[in-house]
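The following report describes a predicted model. It begins with the contact between the chains and then turns to domains, annotated spans and local geometry.

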Amino acid sequence: MRLKARTLEGLYALFLLLPLLFTLGVFFLYAFLRAVYFSFTDYDLFSPPRFVGLANYLRLFQDPLFLKALWHTLAYSLVVTSLQTFLALLLALALNQPLKGITAFRTVYYLPSVISTAAASLLLLWLFQRTGLVNQALSLLLAHLPHLLALALLFALLQGAQVLWEKRKGTPTSFLDPALALLSLPLALLGTYALDLLGLVQVREARVEVPWLPTSATFLGIPYPLWAIILMNTYTTIPTFMVLFLAGLKGIPKTLYEAAALDGASPWVMFSRITVPLLRPVLFLVITLGLIGTLQLFDQVLFVGGSGGAPLEATITLAYYVYGNVFPSGAAPRVGLASAAALFLAGLTLLVVLLQRRFGVSERGWT
Amino acid sequence: MSPKEAARRRWARVAWAYGLLLAFGVFFVGPFLMGFLASLKTNPLEWPFTLGFPQVRPKNWAAAWQLGQKGSGDPWLGGMRPGREVVLEVAYFWPEPTPPDLQAAIPRRKPGAGMGAVFEGPYAADYVGLLGPELVETRPFRLGEAEGYLHRFRLRIAYEKEGPYLERVPLDLEAPRGALLLEATLDPVRMERRGRVASWDNVVPGLLGYAFHNYVRAFQESRSLETGQSLFLRWTLNSFLIAFIKVLTTLVFASMAGYALARLRFPGRQALFLFLLFSMMVPGQVTFISNYLVLKDGIFGLSRLFGVETLLNTYAGLILSGLVGAGAVFIMKQFFESIPREVEEAALIDGATPLQTLFRIVLPMATPALGALAILTFQGTWNEFFWPFIVLTSPREIYTLPLGLLSFRNAYGQVGDWGLILAGGFLSMIPILILFAVFQRYFVEGVNVGAVKE
């Protein structure tokens, strides 16, 4: 009788799981196994696959385009992950204050990460045109460099003078004292304005016309168009991770900070001794998710490339390499090679996950 | 530290914090705002970037409304119908008291670039008559340092003959060197040949047609070659349809699977869950080759039983291959585990089957989780690119919106028609932005629930 109840429960489970088993079985397990099989064969979608052993994997590493794609993927992944983790943490720290209206700000900041990669890519394309907003902003910055320098100098002088004055009065102040800066900043602005009126600082002629996209030129070994994608994607993913960090920060007991404050700990000590260690699970989660997400860069390559855009060699990634070998223009599909590259990509992803399991704090971070 | 000093410091700190928050806000919203403004311009890549362009002036909105009303009776989208007449006034600065010699013409201009250029619309020049320019006023005028005269002209555009409805009536107005356009009923969208030719793409635009001309063009110019139907509209509807079905299947099947994984005991439960996690890590590029072939054969030839050769280029294929995502099951499993067991035990003791327990008792409790899942699934499907890009290749009518945007980018990127590309991008964002505005809590919290993304 008991056994029968068990069987019945199993049957119910089977019924409830059927759609999932179908999807997982046909579109994941079967597909995964076939990809493994294809990776050991020579297959062009038309004639039957021919077993070639490890030849595809060896061929991959002789293909300059694959090596390029590998380098781009790794570089992109590392740069974007470190940038977005760092900036998202900074932002979360700034937002984790008991301020009125903080929720509204949080909502506004989240905006860039709800839009599609397609729409974001179109915006990227427009921003990074030769006469686009990025070049215009750079030109504006360069043209007003004298003003900015004057402003910084004046601010430093005024702030320094105030701090010295306070110190002589006997109050302990640091150089970045916000109360004093609130006076120094408007004064420095006024001073710069006066200098401009007197003609001592002048707007310079500057017109930056960097061709960001239709170029293969590199900076630090990464092509310009890829830099453009890096900037744009960092911009759109920061908010997502900021929210994760915020949730993590909320979980840190306030009492710890209060105790530390009683012991006279500085903000930096509190950050490095309390915040960072207690945020470790979230930190690892963010880094892992960042790496996994960035390893699969594909859409932007397609959007940024093409007519009037970036040359393929400057933006190709592993994901695109796989696609490009299955559906090459004007050539027979190289499914074996593509599968080998895809499995290589999967291997990279799993490596990241294993490393996080090994070094990160696993379970808590996943929920 | 005196209390006064402490209060001062507190204020300063708050001021800094808000300043910082505002700066971040500008950073996160600025590019979108600038992009949106640029999408209204005739030339979104103009240098220097200005914020005071004709399309944002209320004076032009009013004029566009009236001209559209007079031209066709439609103040929103304008156009011109037989028997109607519109009047346009322009004022030029000219150093002499004798009026400058103005040349007005209705050019035979192709209505657009890229996809729009293929279609042969009726030319306004064949149907519409232009009367004028006729001088109505001359008076002394000072323009900065220069002394001279203001000459006001009136242009009548009349559609007297019988004929078709005209979507647009372009106008070019050429003035001699030294004459400066001071004002016009409706500001021209372009100044050509060193500012000597003022050019209107449409003198009867209607409010939307003027302020959002790129958006209107996105709908009008991307048309199917066979049927003449608006492709952009089709793509939007397709995206809605697919997202809607996907949300439905995901909600039902993910709750079912999530409940089984969370509550029912069966052999291999742990293994299945680990396998589910594993499937979330593997990039789509690994499985798409086989999935493509499976859909091509109609899922092992099964679809032939229903008289369908292949599932490529069909929504059935797209939906079948993504009935339920691993991430959605994961979210639902987590949620069901958070519900106290006692709730269901009562039902089980009363003899309810697991199915009854799930659909009668647990699911009604799960509305918040289902809501969050629905929104996340909608967003994911609406924005998805890679898999639809593989499955849906032809004809263009079956594309989803992101695929449509790619074909936009390819059709108009070459000719540099950035207004249309940006307009397409912003149009595609609207549903998500509305959803976000209403349910932003779910978006923000959803990240925490489904920390492992699909």
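## Interface between the chains

Chain A and chain B bury about 9,500 Å² between them, and carbon and sulfur atoms give 77% of that area; buried area is the accessible area (1.4 Å probe) that two parts lose on being put together, summed over both. On the side of chain A, the residues that lose the most area to chain B are A:Leu16, A:Phe27 and A:Trp126, which together account for 8% of what that side buries. The contact (heavy atoms within 4.5 Å) takes in 107 residues from chain A and 101 residues from chain B.

The model is predicted, so local features need pLDDT of at least 70 and side-chain atom pairs count only at pLDDT 80 or more, whereas totals for chains, interfaces and linings use all residues. Residues are numbered from 1 along each chain as its sequence is written, chains are lettered from A and ligands numbered from 1 in the order in which they are written, and side-chain values use heavy atoms, with hydrogens and water left out.

## Polar and charged pairs across the interface

The rule finds 15 residue pairs in polar contact across the interface of chain A and chain B, with both residues at pLDDT 80 or more. A polar contact is a pair of N or O atoms within 3.5 Å; within protein, one must be able to donate a hydrogen and the other to accept it, and residues adjacent in sequence count only if both atoms are side-chain atoms. Helix α1 (residues 2–39) of chain A supplies the largest share of the side of chain A that touches chain B, namely 24 residues; helices (H or I, at least four residues) and strands (E, at least two) are DSSP runs, numbered from the N terminus. By class, that side of chain A has 75 nonpolar, 23 polar and nine charged residues, where Ala, Val, Leu, Ile, Met, Phe, Trp, Tyr, Cys and Pro count as nonpolar, Asp, Glu, Lys and Arg as charged, and the others, Gly among them, as polar.

Side chains of opposite charge can pair when their charged atoms come close. A salt bridge is taken as a side-chain nitrogen of Lys or Arg within 4 Å of a carboxyl oxygen of Asp or Glu. One salt bridge is found across the interface of chain A and chain B: B:Arg265 pairs with A:Glu9, with the closest N and O atoms 3.5 Å apart. Over all chains, the count comes to 24 salt bridges. The pair that crosses between chains runs from B:Arg265, in the loop between α5 (231–263) and α6 (269–281) of chain B, to A:Glu9 in helix α1 of chain A.

## Domains

Domain bounds here come from an automatic or database domain assignment. Chain A is divided into domain 1 (64–130 + 218–327) and domain 2 (136–198), with their C-alpha centres 32 Å apart. Chain B is divided into domain 1 (54–212) and domain 2 (231–450), and 50 Å separate the centres of these two domains, taken over C-alpha atoms.

## Annotated spans

UniProt positions are given in the numbering used here, feature names are shortened, and annotations may be inferred rather than shown by experiment. In an unreviewed entry, UniProt places "domain: ABC transmembrane type-1" at residues 70–356 of chain A; that span is 73% helix and 1% strand, and its end C-alpha atoms are 21 Å apart. The annotation "domain: ABC transmembrane type-1", likewise from an unreviewed UniProt entry, covers residues 236–439 of chain B, where the chain is 75% helix and 0% strand.

The spans that UniProt (unreviewed entry) lists as "transmembrane region" in chain A include residues 107–128 and 179–204. Residues 107–128 of chain A are 68% helix, with end C-alpha atoms 27 Å apart, and residues 179–204 of chain A are 77% helix, with end C-alpha atoms 34 Å apart. For chain B, the UniProt list (unreviewed entry) includes residues 273–295 and 357–379. The former span is 91% helix, its end C-alpha atoms lying 26 Å apart, and the latter is 96% helix, its end C-alpha atoms lying 30 Å apart.

## Local geometry

Cis peptide bonds join B:Trp47 to B:Pro48, with omega about 0°, and B:Ser394 to B:Pro395, with omega about -5°. B:Pro48 is in the loop between α1 (3–40) and α2 (58–72) of chain B, and B:Pro395 is in the loop between α13 (386–391) and α14 (401–413) of chain B. In chain A, A:Leu220 has a positive phi, near 55°, in a residue other than glycine.
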